[in-house]
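Have the model open as you read.

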2 protein chains.
Amino acid sequence: MTDHGPTGATVFIGQKPTMTYVFQVVSQLNSGAGPVVVKARGNAIGKAVDVVEVVRRRFLEGQVSLGTIVIDTERLVNREGREANVSSIAIPLSRTGPAPGGSAAISSPPPPSESSRH
Amino acid sequence: MTDHGPTGATVFIGQKPTMTYVFQVVSQLNSGAGPVVVKARGNAIGKAVDVVEVVRRRFLEGQVSLGTIVIDTERLVNREGREANVSSIAIPLSRTGPAPGGSAAISSPPPPSESSRH
């Protein structure tokens, strides 16, 4: 899932294969829409770290920088109506060079087809 | 597992229950031996975040601060002799107030019995 905020996109890590999210993050960073925040909760936290590591070491080596990683606790209500604490992580990634498309539109969102292609 | 370096202790997160590591980290922080770094690889990364969140929100609320979280990739050789990349995380925790023991010996390691009690 990809959300567009005023300063960039958020990619939420879920049950899909790691590479699905890797391509989402690379696509977002290449679109020139600004920084991307990779977010995950609970069991998906390890996968979020995998996604960021594959992006910055294999696909965009030397072209991205990590921001400050934030961990937190979210209080959720499960299906039985009970509250449960779940850990979360947010990992910001920014391009250190210009996007390959050459577009200088850093603050404008990409066309809708970009985020739904993968 | 707990290692003592010159500037504090490292707690490696593995297969044991989350609370086992929570008690290790709290014990280390209470011993006055300096900052504690919680480290994990692969599947244990989510548990490392859980451990830190339980320590700083339940057991030592308002008494610890998070340092800069570092993620990395380690190249391991598995049992078949093939190389595999594994993500890792390191989360530093420091006490913001004095340890309850009242000991001012911030730089001296705790007695051996402290780290093997749990």
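## The interface

Put together, chain B and chain A bury about 1300 Å², with 63% of that on carbon and sulfur atoms. On the chain B side, B:Val49, B:Ile69 and B:Ile71 stand out: they supply 40% of the area that chain B buries against chain A, more than any other three residues. Keep in mind that this is a predicted model.

As for head count, the contact takes 17 residues from chain B and 17 residues from chain A. There are also 10 residue pairs in polar contact between chain B and chain A, counting pairs with both residues at pLDDT 80 or more. On chain B, α2, β5 and β6 (83-95) each supply at least two residues of the side that touches chain A. The largest share of that side, eight residues, comes from α2(B). Sorted by class, the side of chain B that touches chain A has eight nonpolar, four polar and five charged residues.

## How the copies relate

Rotate chain B by 180°, with 0.0 Å of shift along the axis, and chain B superposes on chain A with an RMSD of 0.0 Å. The two copies are thus related as by a two-fold rotation axis. The contact surfaces agree as well: 100% of the interface residues of chain B are also interface residues in chain A, so the copies meet through the same surface.

## Salt bridges across the chains

Two salt bridges are counted between chain B and chain A. A:Arg57 forms a salt bridge with B:Asp72, the closest N and O atoms being 2.8 Å apart. These two residues also belong to a salt-bridge network that links A:Glu53, A:Arg56, A:Arg57 and B:Asp72.

## Salt bridges within a chain

Over all chains, the structure holds 10 salt bridges. In chain B, B:Arg41 pairs with B:Glu74, with the closest N and O atoms 2.7 Å apart. That pair links distant parts of the chain, 33 residues apart: B:Arg41 sits in strand β3 (residues 36-41) and B:Glu74 in strand β5 (residues 70-77). B:Arg41 counts as partly exposed at 43% relative accessibility, and B:Glu74 is partly exposed too, at 28%.

What about a pair inside one helix? B:Arg56 and B:Glu53 form a salt bridge, their closest N and O atoms being 2.9 Å apart. Both lie in helix α2 (residues 45-59) of chain B, three residues apart, about one turn of the helix. Are they buried or exposed? Both B:Arg56 and B:Glu53 are buried.

Over in chain A, A:Glu83 bridges to A:Arg75, with the closest N and O atoms 2.3 Å apart. Here A:Glu83 and A:Arg75 are both exposed.

Key: Residues numbered from 1 in each chain as written. Chains lettered and ligands numbered in written order. Predicted model: local features only at pLDDT ≥ 70, side-chain atom pairs only at ≥ 80, totals over all residues. Heavy atoms only, no water. Least-squares fit on C-alpha atoms with pLDDT ≥ 70 in both. Contact = heavy atoms within 4.5 Å. Salt bridge = Lys/Arg side-chain N within 4 Å of Asp/Glu carboxyl O. Buried < 20%, exposed > 50% of the residue type's maximum accessible area, 1.4 Å probe, protein only. Helix = DSSP H or I, 4+ residues; strand = E, 2+ residues; numbered from the N terminus. Buried area = accessible area lost by both parts, 1.4 Å probe. Polar contact = N/O pair within 3.5 Å; in protein donor to acceptor, adjacent residues only side chain to side chain. Nonpolar A, V, L, I, M, F, W, Y, C, P; charged D, E, K, R; others polar.
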